[in-house]
Amino acid sequence: MANTKFLKPIPNFSLQTTNVSATGKNFYNIEDGSGLSGIYRTYDFTLNCSNLTTGDDNIGSYNGINVKVGDFFASLDGNKVWKIISISSKTPNSIAGVFEDINMGIARTRSDKNNNPNGVQGFIFGVNDSNFPLINYQLDSSILANNAIDKITSYLQSFNNFNLFTFQPTTTGSLELGDLVTITGSGTGYNLITASLGDTTIGTVFDIYGENVIVRPYNKIITNFEEASKLQGGIVGSIWYESGSGQITTSSADNRSQKFLQLSLPESAITTGTVDNPTFDETSYDFYINEVEVIARNPGGSAALPIGDITQSINTYTDQHHIVAGIHQEGGIVIISSGDSAGTGGETGTLRFASNYGIIEFMGGAGDPIGDYSATATGTFSITSSNGYEIEVRPTYASTTVTSNNFPVATEEDITNAINAAATAVGAPITATYGTDTITITETNGGSLEINKGETQNVIVNGMHLVGDNSATGLPTGEFLAPTPEYYLSLTRQDGGRIILSGSFYQTGQSVGLNNTVGTPPYILMLEGGSLTASGSGADDDWYIGDTFLTSSRDVQITGSLLVNRQDSTADFFLIRSGSYDALKIDSQGITRFFAHEDETTPWATSEYGGLYYMSSSVWVAID
C-alpha cells in the first residue's frame, strides 16, 4: 500500500556551472515600441554543473537532477539573469533546456541589447514566492566581490507582480492611459474594458504598447499559487473565495476571508520520457510523484512492470498528486508531405513551379474568373489505404489567379479541401493539412497508404501530374508503410502546478527523460483579505470585509463597552437574526421588538427562570 511521503524543506542550494552553450530559439516578436522585436527572447542551452555536498544526510548532495523549471541562471558578476522555462534532459552533471530573458529585462537595460547566454560562466539558483533569490554562499567567492547578489535581487524585483502587470487582451479597444479596467470573457479570448460602476476593477492602465496593456493593479497579482489544484474549473473572470480552513471555492463569499479574481487559464505541466516502451523493476526501486509514493518497492513483485501497469499505478493516486499518466505514441501512422521521398514503386515529390509559384493547379485560361471548375477540371490522383478505402481526388475550385498571366488556379488550401472532401465522402481514415507550399496527408488508423497518379490535368501551361516528380503538389507517389510505433511514459498536470519526481527510480536515472517541471497556474488578483495561508502566516484570516459589511465565522469577545452609533436614522441599529427571522431588534425609534410566535392553545414558555417570549396576542414569562 503506497503512502504519502513527507520530506523536510530543502534549504537554499545553488549550483555553479561551466561550458554553457546557447543558440537563439524564439524572437521577442512583439512590436511594443522597444525596438526589441528582432532580438531573441529564448535560447536553447546545454551546460555542465557542479555537485554541492550538503550537511543534511537526508539530501546528501544537490546536483543537476534537482534543478527544476522556474529556477534561474545568472552570470557570476550578476549582470545577466535568465529563467529556465523548460528542461529537456538532465543528469547529475549536465542540464539541457530553454532559457528566457523575462520581459526582455536584460536586453532592455543594455545599450547593445545583448542577452545571449552563450559562453557565460555562472550559477543556478531558485527564488521564493516573493521573487527573492535563494543563493548558497558556498559558490564562487567572486559573486560577493562583484555584488552579484545585489544586482540579481534588483533585477528580480523589477518584475514584482504587485507593481505592474502586463496583459495581452484580444484587443486593446479604446483604452487610454489612466483608465480603470476590468476583465471580461472566458478562456484565452479575454478583453480588458473600461470599468463601470459595480464592476470588479483590476487596476489602472499604466501604458499601452501594441497588443500589450500594462496595468498598475490595485492589489497583488498572484502568479505562483502553490495549490493550483484548488483553482480547477475556473475561467477568466471567475471569483474565488478562501475560508479560514484554507479551502478555496467559487461559492458565496458571505463568510469568506479572501476574495480573488481569476485573470488567466492554467498552462499544463508536461514531461515525457525518452525510453521506448519502458519497464519498471519494482523489486529494486520505488517512485514518488509530488511526495506521494505511486509505486512501492516490492521484493516479490515484477522486475519488468510494463508501461500500462506503470501508468495505472500512477493514476491510482491522481487525487493526491494531481498528475495524470499516459502513453504517448510516436510512429505507427503514415504521414506524407510535399517533397518527401518516394514510396515503394513510386517517385519523389517535387514541385513544378517551386521557384515561382509554389503549389498551384491551373483551372482555366487567361482572364477566366476564380470559382468552381467542376465542369472542366480534369486533374486527378488516387489514395488507397490498407484499411480498405480508396479515394479519387479531383480539385475543382480556383480561389485565386496567377498575377503574371491572370490564370485561375487552385492553391494548397483548395487541393487540401478536395482531399478531405473525398475522404469524408467514403469515411476513409485520411486527413490532409496544408502550409505554405506544403500539403501533408495522414492515415489516422495505423494502416499503409499508396498514392498514384491520375490523368494529367489540362495543359494550359506545360502539362503535369498533380503528384510525383515535377508535379503541382510535390507529393510523392508509391506505397508508404506505417513506421513501427513507439510508446513513451508521459505525465501531465493540467492545473498548472508542479511535477516533482523522487524515489530511487528517479534518483538513479532509471526514469530517463522524465524531469521535474512546473506549469503555470491561473493568475489571480487579490481583491479582499490578507493572506492565502490559513494559518502560520500571521495574517488575520478571521474576518471578511465586504462592500457594506464585516463578517466573522468565529465568536466575537468584547472586554470593553459596545457602542453602536448608527448615522442612518431610518434603519434598525441593533439586530439579532436567527435563520430567516429577526429574533430581537431595536429599531430607529428606540423600540425593542421581539419575534412574535403564532398563537397556540397551550403556552410553551420555557421552564427556565426569566424566559420571555411573545405570541401574536400574548406575552409569556417564566417566573418559577
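Phe 574 is partly exposed, with a relative accessible area of 31%; buried here means under 20% relative accessible area, exposed over 50%, and partly exposed in between, with a 1.4 Å probe and protein chains only. The residue lies in strand E42 (residues 574-578); helices (H or I, at least four residues) and strands (E, at least two) are DSSP runs, numbered from the N terminus. The model is predicted, so that local features need pLDDT of at least 70 and side-chain atom pairs count only at pLDDT 80 or more, whereas totals for chains, interfaces and linings use all residues. Residues are numbered from 1 along each chain as its sequence is written, and side-chain values use heavy atoms, with hydrogens and water left out.

Phe 574 contributes to a nonpolar surface patch of about 520 Å², together with Val 556, Ile 558, Leu 562, Val 564 and Ile 576. Patches are made of residues with over 30% relative accessible area and no salt bridge, like charges being joined within 9 Å and nonpolar side chains (Val, Leu, Ile, Met, Phe, Trp, Tyr) within 5 Å. Accessible areas come from the Shrake-Rupley method with a 1.4 Å probe, and for residues only the protein chains shown count as cover.

The protein chain as a whole has 7 helices and 47 strands. Of its 624 residues, 40% count as buried. The accessible surface of the chain comes to about 31700 Å², of which 47% belongs to carbon and sulfur atoms. Among contacts (heavy atoms within 4.5 Å), residues 24 or more positions apart account for 61% of those with a separation of 6 or more.

Thr 311, in helix H4 (residues 307-315), illustrates a buried position, with a relative accessible area of 10%. Residues up to four places away in sequence not being counted, Thr 311 touches Ala 325, Gly 326, Ile 327 and Leu 489.

Helix H3 (residues 148-157) has a set of buried residues, namely Ala 148, Ile 149, Ile 152, Thr 153, Tyr 155 and Leu 156. Seen down the axis of H3, these buried residues fall within an arc of 160°, and they therefore line one face of the helix; the arc is that of the directions from the helix axis to the C-beta atoms. Asp 150 and Ser 154 are exposed on the other side of H3. The packing partners of the buried residues of H3 are E5, strand E6 (81-91), helix H1 (105-109), strand E8 (122-127), strand E9 (133-134) and helix H2 (142-145).

The structure holds 7 salt bridges, each defined as a side-chain nitrogen of Lys or Arg within 4 Å of a carboxyl oxygen of Asp or Glu. One of them joins the side chains of Lys 25 and Asp 44 (3.8 Å, N to O). Because Lys 25 lies in strand E1 (residues 15-27) and Asp 44 in strand E2 (residues 40-49), the pair ties together parts that are 19 residues apart in sequence. Lys 25 is partly exposed at a relative accessible area of 40%, and Asp 44 is partly exposed at 30%. Another salt bridge brings together the side chains of Glu 100 and Arg 41 (2.9 Å, N to O). Glu 100 belongs to strand E7 (residues 94-100) and Arg 41 to strand E2, so this pair ties together parts that are 59 residues apart in sequence. Glu 100 counts as buried at 14% relative accessibility, whereas Arg 41 is partly exposed with a relative accessible area of 24%. A salt bridge also links the side chains of Lys 68 and Asp 71 (3.2 Å, N to O). Here Lys 68 counts as partly exposed at 24% relative accessibility, while Asp 71 counts as buried at 3%.

Rings of Phe, Tyr and Trp (its six-membered ring) pair if their centres lie within 6.5 Å; planes under 30 degrees apart count as stacked, over 60 as edge-to-face and the rest as tilted. By this rule the count comes to 11 aromatic pairs. Phe 73 and Phe 99 form a stacked pair, 4.9 Å centre to centre with 5° between the planes. This pair links distant parts of the chain, with Phe 73 in strand E5 (residues 72-75) and Phe 99 in strand E7, 26 residues apart. Phe 73 and Phe 99 are both buried. The pair of Phe 362 and Phe 407 is edge-to-face, because the ring centres are 5.6 Å apart and the planes stand at 85°. Both Phe 362 and Phe 407 are buried.
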